[in-house]
Amino acid sequence: MRWAELQEGRGIPPEILARAPADPWHHEVTFFTPPAEPLDTPSRRAAQALLPDGGTVLDVGCGGGAASFALAGRAGHLTGADQQQDMLDAFAAEARARGIPHRTVHGRWPGAAPAAGTADVVVCHHVLHNVVDLVPFLEALTAAAHRGVVVEMMAQHPMAWLDPLWVRFHDLRRPRPATVDDAVEVLREIGVDPVVQRWEREVPPRQDPAWVTRRLCLPEGAVPEVADALERLDRPRTAATLSWTAA
Ligand SMILES: C[S@@+](CC[C@H](N)C(=O)[O-])C[C@H]1O[C@@H](n2cnc3c(N)ncnc32)[C@H](O)[C@@H]1O
């Protein structure tokens, strides 16, 4: 199955969405606070290898800026681009607190690409699984980079572990989730052969029952039942770093 079809299979049927008490797609800004000391990950090392001293970094779907702040020691300037203003506010506050030259660009990638401009290194962590139309998204990442691009993503769609709960609470069966291999296939179609490194994230991703309840479009009263069901589910930690040099 093609990337777009797999991603569309992750959609929420309109009748379920209509009953959702809160926006299930909203990313919580507090979940994306960058660590004070950057984690030494394959993604950080790949970006450091591409980045000249004092170079510029564009962080697409920056959230709180974990991907780009991990490069702060070497980078001379960081640009954070995100479709959520609250993420950009958090990014800018953190950059000010750390004394890092920066700017923010509000908008949805790739539409926001002209406003974001170019940088030595483009990083894009944990965004691809949000994207349906992947070709223009990836082409714009490559076009924005002077040196290269580093993408980090979970090995499979990060919400796929909740599929048993969609069956349980909504009787909704989904197709298989998109994987890193599906993303690599799209990259090869556009002439990019990335270096792929798979690894286990050390910090377990959040498994907050209230948040999962919102993702499942359920009312707050369902939190205890969701919490109970979560006890029997494991959230996968396998991530991948995809990197490539700009042509
Ligand atoms: C899962 S968070 C990851 C944040 C950060 N990169 C990190 O790794 O901690 C995804 C972020 O991408 C943003 N986002 C998703 N799709 C986007 C798009 N097409 N254009 C711009 N931002 C996007 C969301 O608003 C959110 O802040």
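Reader: Where is Leu233 found?

Author: Leu233 is found in the loop between α11 and β7 (238–245). Helices (H or I, at least four residues) and strands (E, at least two) are DSSP runs, numbered from the N terminus. The model is a predicted one, in which local features need pLDDT of at least 70 and side-chain atom pairs count only at pLDDT 80 or more, while totals for chains, interfaces and linings use all residues. Residues are numbered from 1 along each chain as its sequence is written, and side-chain values use heavy atoms, with hydrogens and water left out.

Reader: Is Leu233 buried or exposed?

Author: Leu233 is buried, with a relative accessible area of 16%. Buried means under 20% relative accessible area, exposed over 50%, and partly exposed in between (1.4 Å probe, protein chains only).

Reader: And what does Leu233 touch?

Author: Not counting residues up to four places away in sequence, Leu233 touches Trp161, Pro164, Leu165 and Gln207; contact means heavy atoms within 4.5 Å. Leu233 and Trp161 are 72 residues apart in sequence, and their C-alpha atoms are 7.3 Å apart in space.

Reader: Which residues make the contact of α8 with α11?

Author: Helix α8 contributes Leu165, Arg168 and Phe169, and helix α11 contributes Glu225, Val226, Ala229 and Leu230. These residues divide into 5 nonpolar, no polar and 2 charged. Here Ala, Val, Leu, Ile, Met, Phe, Trp, Tyr, Cys and Pro count as nonpolar, Asp, Glu, Lys and Arg as charged, and the others, Gly among them, as polar.

Reader: How do α7 and α9 cross?

Author: The axes of helix α7 (residues 134–144) and helix α9 (residues 180–189) come within 10 Å and cross at roughly 70 degrees. That makes α7 roughly perpendicular to α9. The residues of the contact of α7 with α9 divide into 6 nonpolar, no polar and no charged. On the α7 side they are Leu134, Val135 and Leu138, which meet Ala183, Val186 and Leu187 in α9.

Reader: Turning to the backbone, which peptide bond is cis?

Author: The bond from Trp109 to Pro110 is cis, with omega near 10 degrees. Pro110 has its place in the loop between β3 (102–106) and α6 (113–116). Most peptide bonds are trans, and most residues other than glycine have a negative phi.

Reader: What is phi of Asp171, and what is phi of Cys217?

Author: Phi of Asp171 is near 55 degrees, and phi of Cys217 is near 60 degrees. Both values are positive, in residues other than glycine. Asp171 lies in the loop between α8 and α9, whereas Cys217 is in the loop between α10 (209–215) and α11. At 58% relative accessibility Asp171 counts as exposed, while Cys217, at 5%, counts as buried.

Reader: Now Val149: which residues is it in contact with?

Author: Val149 lies in strand β5 (residues 145–154) and counts as buried, at 0% relative accessibility. Leaving aside neighbours within four places in sequence, Val149 is in contact with Leu50, Val122, Leu141, Thr142, Leu242, Ser243 and Trp244.

Reader: Where is the place of Leu88?

Author: Leu88 is in helix α5 (residues 85–98). Leu88 is buried, with a relative accessible area of 1%. Beyond its neighbours within four places in sequence, its contacts are Cys62, Gly80, Ala81, Asp82, Thr104, Val105 and His106.

Reader: Last topic: which residues does UniProt list for "domain: Methyltransferase"?

Author: The unreviewed UniProt entry lists residues 57–139. UniProt positions are given in the numbering used here, feature names are shortened, and annotations may be inferred rather than shown by experiment. In the model, the span 57–139 is 34% helix and 27% strand, and its end C-alpha atoms lie 17 Å apart.

Key: Axes are lines fitted to C-alpha atoms, for helices over the stretch in contact, and angles run from 0 to 180 degrees between N-to-C directions. Angles under 35 degrees count as roughly parallel, over 145 as roughly antiparallel, 65 to 115 as roughly perpendicular and the rest as oblique.
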